[in-house]
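Welcome! Here is a short briefing to read with the sequence and the structure side by side. Take a moment to look at both, then follow the points below.

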Amino acid sequence: MRVSTITVADVSFVADFSGALFWDEQRLLVVSDLHLEKGSSFAARGVLLPPYDTIATLSRLAAVIARYDPRVVIALGDSFHDRNAHERLSDTDREALAALQVRRNWIWISGNHDPALPSDLGGVVATEVAIGPIKFRHEPTGASGEIAGHLHPKARVPTRGRSIERRCFASDGERAVMPAFGAYTGGLSIRDAAFAKVFGSPAFMAHVLGDNRVHAFAASRCY
């Protein structure tokens with residue numbers, strides 16, 4: 001696997017093709033926007049989706065945890081699709097989540113979908129976390145040293161006479177917005193005005209998730 005890196009405020013992170021970031025010095029893994037139980041949330045409103053998003057997302061999370069064996073895991077908000085989603089977790093999924101937390105410091109950042117996480121999920125809950133020059137929070141503010149989620153960035157890039165659309169990290173070296181990790185999460189084009197508010201200009205990079213590596217493109221090349 002070819003290693004890709006993203007630098008934020010002079011800190012280098014491994015950008016994993018799953019959509020996670022790994023800070024080797026801190027042995028810290030970051031994921032964002034798991035949106036667990038989105039399928040059951042839609043089903044309650046009459047929109048039927050296969051009810052396998054939670055197990056698929058936790059399986060992908062288990063794989064990336066196995067790759068890096070982090071000491072700390074930060075989930076950057078909207079880990080659950082709604083305020084009651086944690087109540088709909090199956091016993092099997094609860095056990096899988098508990099197994100991922102063994103011997104790790106697990107931090108749930110509260111998001112707009114899950115502002116009040118219960119204490120029985122394991123780990124601790126915070127509104128944001130600061131480690132050295134890096135600040136981890138759910139909604140991006142554009143501050144230097146910030147790593148956030150919420151916007152679900154995606155990019156459409158030209159390749160071999162056609163185009164592909166994939167989730168991506170968005171970063172200008174001072175701040176980064178992470179892709180959504182959840183199996184059923186959609187995306188917002190990095191050309192949307194929401195990203196201009198974060199970065200101030202289109203002079204940032206889209207680190208696009210490939211099948212087994214991350215590919216870097218200037219955001220101005222994407223559409």
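Strand β15 and strand β16 (residues 214–218) pair in the antiparallel sense, over five bridges. Together, β15 and β16 make a hairpin, with four residues between them. Please keep in mind that this is a predicted model.

**Around the hairpin**

- β15 covers residues 205–209 and is mostly covered, as four of its five residues are buried.
- β15 also pairs with strand β12 (residues 162–171), in the antiparallel sense and over four bridges.
- Opposite V208 in β15 stands C168.
- In general, the strands of a sheet pair through backbone hydrogen bonds, and they do so either in parallel or antiparallel fashion.

- S4 lies in strand β1.
- Is S4 buried or exposed? Its relative accessibility is 12%, so S4 counts as buried.
- The side chain of S4 reaches the backbone oxygen of V214 at 3.1 Å.
- Leaving out residues up to four places away in sequence, S4 touches F13, V14, A15 and V214.

**The seven-stranded sheet**

- β1 belongs to an open sheet of seven strands, ordered β1-β2-β3-β4-β5-β6-β7, in which the pairing is mixed.
- One of the residues to look for here is V31, whose bridge partner in β5 is A75.

**Helix α2 on the sheet**

- Helix α2 (residues 53–68) packs on this sheet and touches β2 (11–15), β3 (21–23), β4, β5 and β6 (105–109).
- The direction of α2 makes about 160° with that of β4.
- How does the span of α2 agree with its number of residues? At 1.5 Å a residue, its 16 residues should span 22 Å, and its end C-alpha atoms are 23 Å apart, which agrees.
- The buried residues of α2 are D53, T54, T57, L58, L61, V64, I65 and Y68.
- Looking down the axis of α2, you will find these buried residues within an arc of 125°, so they line one face of the helix.
- After α2 comes D69, which has a positive phi, near 45°.

- A183 is found in the loop between β13 (175–177) and β14 (188–189).
- With a relative accessibility of 31%, A183 counts as partly exposed, because that value falls between the 20% limit for buried and the 50% limit for exposed.
- Which residues does A183 touch, not counting those up to four places away in sequence? They are D53, A56, T57 and R167.
- Among these, D53 and T57 are also listed as buried in α2.
- A183 and Y52 are 131 residues apart in sequence, while their C-alpha atoms are 8.8 Å apart in space.

Terms used
Residues numbered from 1 in each chain as written. Predicted model: local features only at pLDDT ≥ 70, side-chain atom pairs only at ≥ 80, totals over all residues. Heavy atoms only, no water. Helix = DSSP H or I, 4+ residues; strand = E, 2+ residues; numbered from the N terminus. Buried < 20%, exposed > 50% of the residue type's maximum accessible area, 1.4 Å probe, protein only. Contact = heavy atoms within 4.5 Å. Pairing = 2+ DSSP bridges. Axes fitted to C-alpha atoms, helices over the stretch in contact; angles between N-to-C directions. Expected span 1.5 Å × (residues − 1). Arc of directions from axis to C-beta. Polar contact = N/O pair within 3.5 Å; in protein donor to acceptor, adjacent residues only side chain to side chain.
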